[in-house]
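Visitor: I would like a close look at a single part of this model, please. Could you walk me through it once it is on the screen?

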Amino acid sequence: MEDIRMTATKAPYAKLKQELDAAFSAVMESMHLEEGPHVQHFAQSLKTYLQVPRVVPCVNGKEALRLALSVLQLPAGAEVVVPAFGDASVVEVLLQSELKPAFADVDAATFTLTASSVEKVVSPHTAAIIASHLFGQPASMHELMQLARQHNVWLIEDATQALGAALKGLDDVLLKAGAMGHIGLTSLFPIKPMLSSGEGGAVLVNDKELITQLEGRNDGQHMYGFTESQYKLGTLDAAMLDVKLKYMKAFNEEKEKVARYYDTAFADTELVHTPYRASYSSHVYHQYSLKVVPETRDGLQEYLRDNFIPSVVYYPEPLHLLTSFTHYSYKAGDFPVSEELCKSVLSLPMHTELKQDQLEYICHHVLTYLNRHS
Ligand SMILES: *Cc1c(COP(=O)(O)O)cnc(C)c1O
């Protein structure tokens with residue numbers, strides 16, 4: 001059996017090698033390394049793929065969020081609702097932008113914000129909500145959008161971890177993740193769903209008024225830094241992403257097969273909760289994240305490690321309890337679901353190259369440990 005890896009990068013490159021090498025050569029031969037027609041081409045492809053009216057590439061996900069926030073022109077000190085379970089970089093950007101993170105709990109099944117969890121923390125100071133899709137499962141954008149409208153706040157959709165997923169919009173029309181918030185973003189960092197080669201990101205603008213505002217300022221001076229930022233996505237990275245985008249669907253279908261394998265292997269046990277598939281969206285399995293009894297999680301991870309099976313606890317601390325936010329007077333118990341998820345979620349290897357014997361081996365070891373320790 002080959003060594004088991006958490007993600008695979010070499011094989012997806014090898015599969016597309018010819019096409020990627022041709023794209024890289026085209027960039028190098030054109031020597032358009034700065035004013036990137038290749039970057040523009042990728043932006044256009046992403047726009048078409050996501051069906052988002054305006055896509056602005058930039059250097060990474062954090063910068064995309066910073067730009068999105070600057071477009072919204074939120075007053076300094078305004079509150080922005082963010083999930084207590086997830087990526088800390090979102091909160092870092094808020095603090096750098098002089099905005100106040102207002103944490104909300106997540107749903108125990110989807111691991112994302114819901115209208116009812118946000119409702120509990122919305123205040124007259126709330127200016128925006130950041131809904132982050134997690135592990136490949138989108139948040140319920142339709143419901144969150146209704147809430148955002150009701151409270152007259154902006155909804156920012158962080159589509160990073162569910163790029164390529166489909167979501168039901170108004171009248172059940174299917175839209176791509178990233179196409180539903182007023183404004184959104186995606187990171188294109190190597191470990192994110194597109195497995196790119198370097199840093200990258202994009203702002204996704206959906207709201208008509210915001211687009212008009214942006215275009216009105218298209219005088220090369222304002223644009224909130226957009227004009228300069230878009231060329232900071234590397235030209236070679238853009239060329240790579242442009243090729244990869246064409247294979248996103250096939251790539252996600254391969255991962256779906258792996259997910260089905262795991263789902264079936266764990267279907268008959270109460271000891272494991274497999275990832276929830278919401279009826280309003282597809283799941284793109286950026287990660288395959290199990291929930292187990294908290295008392296067994298760390299032991300399981302150690303047992304897997306001893307058997308050469310990698311696994312990752314992505315978010316071991318709920319964001320409201322990070323020491324950097326202690327001055328906000330959040331305390332343990334404020335967001336019980338997020339706190340519990342930090343202790344009970346474990347992500348298993350998930351990529352397109354997992355072989356049947358490896359999957360059998362992984363599932364066998366997960367079940368062996370849990371059966372012994374429950
Ligand atoms: C990684 C990540 C980011 C930050 O993206 P960078 O490109 O690393 O700056 C933002 N949001 C989510 C959900 C992420 O997973």
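Guide: Happy to show you! The model is predicted, so local features need pLDDT of at least 70, side-chain atom pairs count only at pLDDT 80 or more, and totals for chains, interfaces and linings use all residues. Residues are numbered from 1 along each chain as its sequence is written, and side-chain values use heavy atoms, with hydrogens and water left out.

A salt bridge here is a side-chain nitrogen of Lys or Arg within 4 Å of a carboxyl oxygen of Asp or Glu. Helices (H or I, at least four residues) and strands (E, at least two) are DSSP runs, numbered from the N terminus.

Glu256 is partly exposed at 22% relative accessible area, and Arg277 is partly exposed at 31%. On this scale, buried means under 20%, exposed over 50%, and partly exposed in between (1.4 Å probe, protein chains only). Both residues also belong to a network of salt bridges that includes Arg260 and Asp263.

Helix α11 (residues 248-265) also holds Glu254 and Lys257, three residues apart and so separated by about one helical turn. Glu254 and Lys257 form a salt bridge too, with their closest N and O atoms 3.2 Å apart. Glu254 is partly exposed, at 31%, whereas Lys257 is exposed, at 55%.
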